[in-house]
Amino acid sequence: MAPQWTAQPVLAGRGLVKRYGNEHALAGVDIDVTAGEAIAIVGPSGSGKTSLLHVLAGILPADEGQVFLAGQRIDQLNEANRSELRRKEFGFVFQNGMLVDELTAQENVALPMLLGDVAKAQALRAAREWLDQLDLPGLAERRPGELSGGQAQRVAIARALAHQPKVIFADEPTGALDTRTGEETMRALLDAAAQTGAAVLIVTHDRDLAASLPRTVAIRDGRVASEVPA
Ligand SMILES: Nc1ncnc2c1ncn2[C@@H]1O[C@H](COP(=O)(O)OP(=O)(O)O)[C@@H](O)[C@H]1O
Ligand SMILES: [Mg+2]
């Protein structure tokens, strides 16, 4: 047998189709994500970027096509198993944090670990380490309402990474921040992901950011319109 030089993608989508009524949000998307790589997902509003992330992450079922995590098909799992997979293997950063208002920053970061099978003391310790790592020392006891937008996004990044997921899905994670805070926050996300070896898919309208990443996938009308590098 020939040696396998090409690494198996950590995440792959094949022929992904998602319809809303007669409209195609995804009209047949193929994508391979290599372990640890950072990809910018760009495209006009309504082109299907969020739908693609949600289908790949198992938040939204596809109408056609397959999704593979490390070579295993995951789109056919039942909701309970998909939910467990999302908790363990994936991390999410949304535009406005989506932190739990009633919990402290530390508890927010610990939450995915606590919902998994990590012991409470260990989860809280790991959460604190991640908050330090993301330059948020002293803010562990604050609730989201007591944080700036940039700080809240760093808490969301710590939460997305603390359980060491294989893939981070970030949907316009700095869309609600000013330019400079957005850049710093994005850099923090990319550095932290690189440190854990997580792959990152970032939906962004920031051309400079997209240009700074090794790979950009442009979506148009629910299809991959171009890849840079091709
Ligand atoms: N829940 C929904 N119900 C109906 N149509 C939707 C829904 N979500 C998305 N769409 C449609 O699917 C297309 C792709 O949307 P989306 O994936 O959110 O694009 P993007 O993230 O690139 O702005 C759009 O035309 C949008 O209106
Ligand atoms: Mg979107």
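Tutor: Happy to. A residue is buried under 20% relative accessible area, exposed over 50% and partly exposed in between (1.4 Å probe, protein chains only). The model is predicted, so local features need pLDDT of at least 70 and side-chain atom pairs 80 or more, while totals for chains, interfaces and linings use all residues. Residues are numbered from 1 along each chain as written, chains are lettered from A and ligands numbered from 1 in written order, and side-chain values use heavy atoms, without hydrogens or water.

Let's begin with the sheet of four strands. Its order is E2-E1-E4-E5, it is open, and its pairing is antiparallel (strands are DSSP runs of E, at least two residues, and helices runs of H or I, at least four, numbered from the N terminus; a pair needs at least two bridges). E5 and strand E2, residues 23-33, are the edges, each pairing on one side only. Inside the sheet, strand E1 (residues 11-20) is joined to strand E4 (residues 64-69) by five bridges in the antiparallel sense, and there Ala-12 faces Phe-68 of E4. Follow E4 to its other partner, strand E5 (residues 72-73): two bridges hold this antiparallel pair. Phe-68 turns up here too, standing opposite Arg-73 in E5. The E4 and E5 hairpin has two residues between its strands, and Ala-70 takes a positive phi near 45 degrees.

A helix comes next. H1, residues 49-56, lies across E1, E2 and E4 and runs at about 120 degrees to E1 (axes are fitted to C-alpha atoms, for helices over the stretch in contact, with angles from 0 to 180 degrees between N-to-C directions; contact means heavy atoms within 4.5 Å). H1 also takes part in the lining of the largest cavity: H1 and strand E7 (167-171) each supply at least two of its residues.

So let's look inside that space. Around the largest cavity you will find Leu-53, His-54, Ala-57, Ile-59, Phe-92, Phe-94, Phe-169 and Asp-171. By class, six of the lining residues are nonpolar, one is polar and one is charged (Ala, Val, Leu, Ile, Met, Phe, Trp, Tyr, Cys and Pro are nonpolar, Asp, Glu, Lys and Arg charged, the others, including Gly, polar).

E7 leads us on to the sheet of six strands. This one is open and mixed in its pairing, with the order E6-E7-E8-E3-E9-E10. Strand E6 (90-93) and strand E10 (223-228) are its edges, each with pairing on one side only, and the twist averages 20 degrees from one strand to the next. E7 pairs with strand E8 (residues 199-203) in the parallel sense over five bridges, and Val-167 stands opposite Ala-199 of E8. Helix H6, residues 179-196, packs on the sheet, where it touches E7, E8 and strand E3 (38-42), and its direction makes about 160 degrees with that of E8. Helix H5 (residues 149-161) lies across E6 and E7, at about 170 degrees to E6.

In helix H3 (residues 105-115), the buried residues are Ala-105, Gln-106, Asn-108, Val-109, Ala-110, Pro-112 and Met-113. Their cover includes helix H2 (79-89), helix H4 (120-133) and H5.

Finally, the loops on either side of H5. Asp-135 sits in the loop between H4 and H5 and, though not a glycine, has a positive phi of about 65 degrees. Asp-135 is exposed, at 59% relative accessible area. Gln-164 belongs to the loop between H5 and E7, and its phi, near 55 degrees, is likewise a positive value in a residue other than glycine.

Key:
1 Å grid on protein atoms, 1.4 Å probe; cavity = no way out; pocket = protein on both sides within 12 Å on 5 of 7 lines; lining within 4 Å.
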